[in-house]
Structure formats: C-alpha cells, structure tokens
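Please go through the briefing below with the sequence and structure to hand. The points are grouped by topic.

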Amino acid sequence: MGLTGIQIFKYLPKTNCGDCKFPTCLAFAMRLAAAQVRLDACPHVSEEAKKVLTEVSAPPIRLVKLGMGDRTIELGDETVLFRHEKKFNHPSALALLIADNLTDQEIEQKIQQVNNSVMERVGQKLRVELICLQERSADPARFAQVAKKIVASSEAGLILSSFKPEMIKAALAETAARNPLIYAATEENYSQMTALAKEYKLPLAVFSDKGLEALSSLAEKVAAEGVEDLVLDSGARSSGRMLSDLTQIRRAAIKKKFKPLGYPTIIFPGEGGGDALMEAARAGIGIMKYASLIVLNSIEKEVLLPLYTLRQNIFTDPQQPMQVAENLYKVGEPNQDSPLLITTNFSLTYFIVLGEIENSKVPSWLLVADSEGLSVLTAWAADKFNAPKIAKLVKKQNVEEIVKHRKLIIPGYVSILSGEIEEELPGWKVLVGPREAANIPKYLRDMTSSAAL
Amino acid sequence: MAYTVPKEAYNGKINQVEVGRNQHKLIMGGEETLPFLSFEGKAVSTVPLALEIQDINPTGDWASSLTEIYGSVMDNPAEWARMCQDEFKADMICLRLAGTHPDNGDRSPQEAGKIVEAVLSAIKVPLIILGSNHVEKDAAVIKHVAEVAANTGSIIGKAQEKNYKTFAAVATAYGHKLVALSDLDINLSKQLNILLTQSGFDSKNIIIDAMSSTLGYGLEYTYSVMERIRLSALQQNDAMMQMPMICDIGEVTWKVKEAKATEQDQPAWGAVRPRGILWEVLTALSFLMAGGNLVVFRHPEALSRVRSILAELMATA
Ligand code: B12
Ligand code: SF4
C-alpha cells in the first residue's frame, strides 16, 4: 500500500508505448501513485505486476454500487478533498426514510413522493435515488412485506435498516435482486450481518458511534470476513460532529491511505432534531463536506429544489462549465413583435440573463448561442461568440420567420460586435443592451413603453 | 491498524478583527484551522450575522417574502435597523445606500449621511455601510458618510480596484474597517489587498469580499475561490490572504426566481416561504464552510436558522 511513482514504475513494461495516453510509463506511474488513473488504462501490465499493483491502484475510497440497471447508484471513489483540485466523482445520493409501522396508505404516498421527485435543471434530471426502509414494527413479516411493496412499486435503490439480523434476513428473501444496502452491522451483530451480506453479495453499512477508532476497527473486522463493499456511519447526528467525522474519514482515506476508513459514508441529518429546514441545512453541509448517502425524513419540493441545486453546484467539474443547449428560448409568452436578445450558452450566464428578463415581465425571445460553455466576455475573447456565428444562428433557428421585426439586442460588453453583425445580417439592426444583466428589466421596460419595437 | 486523527499542521492564521463601539464590540476571524475543525486547532468562535437594510424603500424591488416582514419600517431606515437589532437579534446591521445610485434616486452624500447618522443613533450593534456598487458615486458618498460615522468602528465598503484609494484614506482617517471587493478570482483578490497595503492601509483592517453569488447562480465559483483563499492563508501563511471574509448574500439570493416565485407560478417547486429561506440558508452555509466570517442576510429567519446550525458547528463534540 502507498507505493511511490518510482516503485510502481518498476512493475510497468517500460516500453513507453503511449497506449495509456501518457507519453511514458513513468508519467503513467506518477498518475497512478496519485490515484488519478486506473491501472487498467495500461493494457500491457503482466499478471504478476497486476497482483502487486491492484492494491495501489485501488481508489483510496472504495467504489460501492447500490441498486440495479440504469438506476444503479455509485458511491465513493473520491480522490481529493477540495472541488477545485478535481471534480468530485459521485454526487451525494439522497434517500427518503420510510418506517414500516406507518399505515399502508402513508407508505404508498411516500413511495410515490420518491417516484415523483424528479426535477430538471440545466438539462440534468435530478431525483431522490433511494428509499431507506426502517424497521420499527419488530415484526419480520411486516418488514418484509413493506420491502416487497417498495420494490414492486418503485425503481428506487433500497436501504434495509434494522440492527436485528432476522429482520434483514426476512426482507432480503424478497428484495435481494434490487441490490440493497444492508444497514447496519454493529459491534453486537456484525458476524450475522456479515454472513447475510456475503450470502447475498450485498453492500453493508457499518455503524459505531463510539468514535472513529471503534468505527474503523469494526470496519476492519467486517472486511476481514470478506465483505468489502462497506458504507460508514459514525453516528454523528449534529452538524458539528458530522463535519468533523466526515472530514476525518475523508482525510484519513485520501491523505493517509488508511484503508479501514476508505469507504463511502452515510448520514441521517434529520436525527439531529428540528424541522425539515434544519434537516435540509445539515444535509447541505453533508453535500459540501463528504457525505455519500443522505437519508432524509422529509422531501417536500421546497426542500428538494435547493438541495438538488446545491448538489449540482458542488459536484460540477471545475474545469468544465455547465452548458445549456443552443436554442431560441421563449421567456413568458412572446409573439412576433416581442424583443429578441442573444447570449451565450454558459449556464450561469443563461440563468442570470433569463432571470432578469423574467423579472422585467416583458415577454421576450432569448437566442442562446453555443459558446462551448463560456461567458460572454470569455467567449468573445476566445472567438467563440462572433458576428458570423451569430448571423448563422439567426438563420439556423428560423428567427426571421418567428419574429416580424429585425432588431437584435446584444450584451453591452460586446457592443463592439454590432457593426459586424449588421454586415452579416442585412436588414437587421443591432441594439446594444446594458452591460450588467441587472439592468435588463429597466432596459426592456423602457424599450417597450417607448414602443421602440 | 490503529487510527490516528488526520490533523493538518497550518502555519498561518486568520486576522482577528474587532468592530463596533462601546460595550457592543464584536470580533470576527481569528481562526487557525479550516472552518469549524476544532479537532485540529483553534476554530472560529464568533461569526457575526447581519441583516441588510436600505436607505430607500425597496418595495417593488425586494421579494414579497421580505417586504411582508419589514412592512412599514422600510420607509424609515432607523426604525428598520432597530427592528433588525431588537426583534430579529441581528449581530450587525448592514446599511446599503442603494438610493445613492444614479439610476435609483441619485441621493447626495449629504442625504446619505443623514440616514447613516439616524441609523447609528438607533442601534448599538456594529454597522456595515455599503455604497450602491457604482464606483465613482460610492467614492463620493463614502467620503462624507465615513466622516459622519467617525469613531464608531464601522465597516465600510466596498472598495474596488477603481476606487480603493478614497476608501482607504477615509477608513484610516475615521477608524473604520474596509471591505475589499474583487471579481471572483483569487489573484485579483490578493492584488487588491496588496494595493491597499501599499497605499499605507493597515492590512489588519481589511475584510475580503470574494464576490458572493447564490445557490444555482455561480455558487460553486465563489465557494472554490473562498476555499482557495483560506487554504493559502493557512497553508502558505500568505499575509495578503489572511483577512476575514464577508459573505454578502442577501442581495444576490433574493433576486433569483427560485427564492421568490410563488407556488402558483411554479407548482413544481413547493411552498415559496421555506424555499426562499432555505435558498439563503444553504448559500450562507456554503460560504461559511468555505471560510466566510461574516454573513449579510435579508431574511431574519434565514439568519436565525444559520445561527442554530452555527451553534451545532461550534459545540465541542
Ligand atoms: C471565469 C473566467 C474565465 C473562465 C471561463 C469560465 C466560463 N465558463 O466562461 C476561464 C478560466 C476558462 C477563462 C478563460 C479565458 N478568459 Co476569462 N474570465 C473569467 C472571468 C473571471 C469571469 C467570467 C464570468 O464567469 N462571468 C460571469 C458571467 C455571468 O458573465 P457574462 O457571461 O459576461 O454575463 C453577464 C453580462 O455579460 C450580461 N449579459 C450576458 N448576456 C447578455 C445578453 C444581453 C442581451 C444583455 C443585455 C446582457 C447580457 O449579464 C451577465 C451578468 O451581468 C472574467 C472576468 C470577469 N470578472 O468578468 C474573465 C475574462 C472574461 N476572461 C478574459 C480572457 C481574455 C480569457 C482568455 C482568452 C485568456 C485568459 N485571460 O485566461 C481565456 C479564453 C478561454 C478559452 N477557452 O480560450 C478577459 C476578457 C477580456 C476582454 N475584454 O476581452 C476577462 C474579462 C478577464 C480580464 N479582465 O482579462 N476565463
Ligand atoms: S500503456 Fe503501459 S506500457 Fe505503454 S506507456 Fe503506458 S504504462 Fe507504459
């Protein structure tokens, strides 16, 4: 464990063939040591070398999969502590907690709430990925019956939660094919829980609230018995403990390569007390700081939209801006006389501009040009937002058939483009809008009140 | 395998800044670790939470979730400030002189000065005085209002690359702390701090504004710039990055539709009131996790929610 680049290099073919997309075997070895690539990117490693190197090439935090098919949920496999270093790989997955002692009708409602949790933002479909079924009935038959019902009426991932192995066993008979997470092995029950996880080849959560030393030694014992797809719960329920434990777990795994804590994590932010907003606030901290799996008591829409958005923000690639599709968008219910504005497809730019046009209450057309996700000025400086492109886009989107007028409002920062666009688009007049989007409402209102169009 | 707590050894720490007057002084900053990680060192112990008020009634501009709370006091900045202090328990009041903007009333420095005076006599807690984000006008306004507020230990802002000299001069002359705003870029932020210091301003009186955004609208940029500023302060012991950071989030948050669209307009988004509050809460917590030391809110419930979470974050486990 913890080989250096040079040590790894000794096991590589040293042919510098480049098939791994690195110029030399040494360069590849360095990346491997930093856990930035996988060993299988080199097709030429010998079997013997593989054995030695699998250990080092294993990600510092194990990749654990739950669920099945296209609803498989991947957890863990993170390699950095800060998002500016490198994209965080796997967004925190969200689960709704359902207790088995609720009425059938309440349970059905909650399942439907999960099924209907999909929202779309910046072209991504966002949802609550799992249901955490919690045993409170003390009745294995009831627990199994509800588990079966969940699997029948939802494609969501599943967490089976009980510290009693007989409960888990009862539910697994019906639901093992869904590849659920078993929650949880404890100091008391771990040999039975481990046996179940092994029998069904399922991931297993490990719970100890006696400190990270105790948690890590329990995880080590479970792993020694042959279950390696683990998820850690340190029992932290308030924000302070959560932040402290999750940070230590992440750091121990990544910086110290401390294997007993090299697993994804699970938190229960609602267990710290308070209402849905307090729960969501703690969940937010979990999204920022290293929770892999977040089990919520409440997933009302007003809580989900902020949490989804936060998750999207934190887990975007810092090197690859989010983009929206090139298109002619309607803002409100515009008609053939409504103002026409143009901007770039950097999602931040688009959202800000869209929001301000909406604030103006003036129905408008917003033409979005593909600038490879760059902001207005950056795109202009990189020649990705220029007059020929804009002219082409106007034709391509059939703008001349959709609006009757021939006036195009461009961002104030690129006023310099106006002459050129007019040359490229005969018959059109370019209007230079304000520089800051905040001034768009006033601009549009002034324009429509003076009936400039 | 024995577990050892993975502590980081930092060689820098964040400046501690004291603001306010008389017995009502507050401190911010002073931490020697990343936010709230008391297991490895001295974590931040006070994070002042401020509420924003304005010199002109913002009805029409502000979301109704806000105007229905503040109601008639929005016509009277002094009353408004008092309400925020007494009823909503704000640690500081942030007076934004929005009405001095040429497009929003174009009030004179003298008119602004009268309002600053009235607000100062209405409250005991420290005051943050911000311009309207118009570089030339702000410089003209601040010259006068900083004098009106002389010796109150207020925070004034926002100094930017184009007007920092005026701000630095008056902050020094009248004993204020200074917010230094740059364009969402760690290098620009550092450069402005260097310029201020080179002009003779005491770097211990600077508060960094890395340019706040809001959830869904560039939050990740502010978050990462702030995290990088904190890391270079602590790890590289970079004195030009060791200032406390302000998170001016109310203005950006309450502009976006997710925070203010009613349920009738956006049925898929759920109830507007908790949604808006949570939008501001999560924005605040993000920037606090990234190293923020002072937050300016618009919604009093967002402030009180964050206060509860801060209590959890600061409780020793
Ligand atoms: C982040 C950033 C980058 C990121 C890109 C992020 C992205 N997705 O675009 C990276 C690091 C990749 C980058 C690269 C470059 N950048 Co750069 N970048 C910036 C920075 C700091 C912020 C840009 C940003 O995100 N703005 C926020 C968005 C929302 O702003 P916006 O799109 O302009 O939209 C606003 C307005 O234009 C208006 N608006 C938008 N649409 C519309 C439409 C209408 C109708 C109206 C009325 C208004 C309107 O509303 C918005 C809000 O007010 C700016 C500096 C700055 N603070 O502006 C420099 C800046 C834009 N970059 C610049 C340059 C030169 C470059 C590079 C060419 C080289 C370099 N210096 O690094 C490269 C080119 C990239 C390439 N691929 O080749 C220069 C441009 C100078 C100029 N005047 O030409 C700037 C201004 C920095 C500077 N002062 O030097 N950059
Ligand atoms: S593919 Fe393998 S053998 Fe070829 S350069 Fe990369 S590491 Fe060396």
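How much area do chain A and chain B bury between them, and what share of it is on carbon and sulfur atoms? Chain A and chain B bury about 4,800 Å², with 66% of it on carbon and sulfur atoms; buried area is the accessible area (1.4 Å probe) that two parts lose on being put together, summed over both. This is a predicted model, in which local features need pLDDT of at least 70 and side-chain atom pairs count only at pLDDT 80 or more, while totals for chains, interfaces and linings use all residues. Residues are numbered from 1 along each chain as its sequence is written, chains are lettered from A and ligands numbered from 1 in the order in which they are written, and side-chain values use heavy atoms, leaving out hydrogens and water.

**Interface of chain A and chain B**

- A:Arg251, A:Leu277 and A:Glu302 supply 14% of the area that chain A buries against chain B, more than any other three residues.
- In contact (heavy atoms within 4.5 Å) are 55 residues of chain A and 51 residues of chain B.
- Eight salt bridges are counted between chain A and chain B, each a side-chain nitrogen of Lys or Arg within 4 Å of a carboxyl oxygen of Asp or Glu.
- One of the salt bridges joins the side chains of A:Arg282 and B:Glu312, at 2.7 Å from N to O.

**Aromatic rings**

- Over all chains there are 14 aromatic pairs; rings of Phe, Tyr and Trp (its six-membered ring) pair if their centres lie within 6.5 Å, and planes under 30 degrees apart count as stacked, over 60 as edge-to-face and the rest as tilted.
- A:Phe22 and A:Phe28 make a tilted pair, 6.0 Å centre to centre with 50 degrees between the planes.
- Both A:Phe22 and A:Phe28 are buried, that is, under 20% relative accessible area (1.4 Å probe, protein chains only).
- One aromatic cluster is formed by A:Phe163, A:Tyr183, A:Phe207 and A:Phe268.

**Charges over rings**

- A:Arg121 lies over the face of A:Phe351, 4.7 Å from the ring centre; the rule asks for NZ of Lys or CZ of Arg within 6 Å of the ring centre and within 35 degrees of the ring normal.
- A:Arg250 lies over the face of A:Phe88, at 5.1 Å from the ring centre.

Note on methods. Buried < 20%, exposed > 50% of the residue type's maximum accessible area, 1.4 Å probe, protein only.
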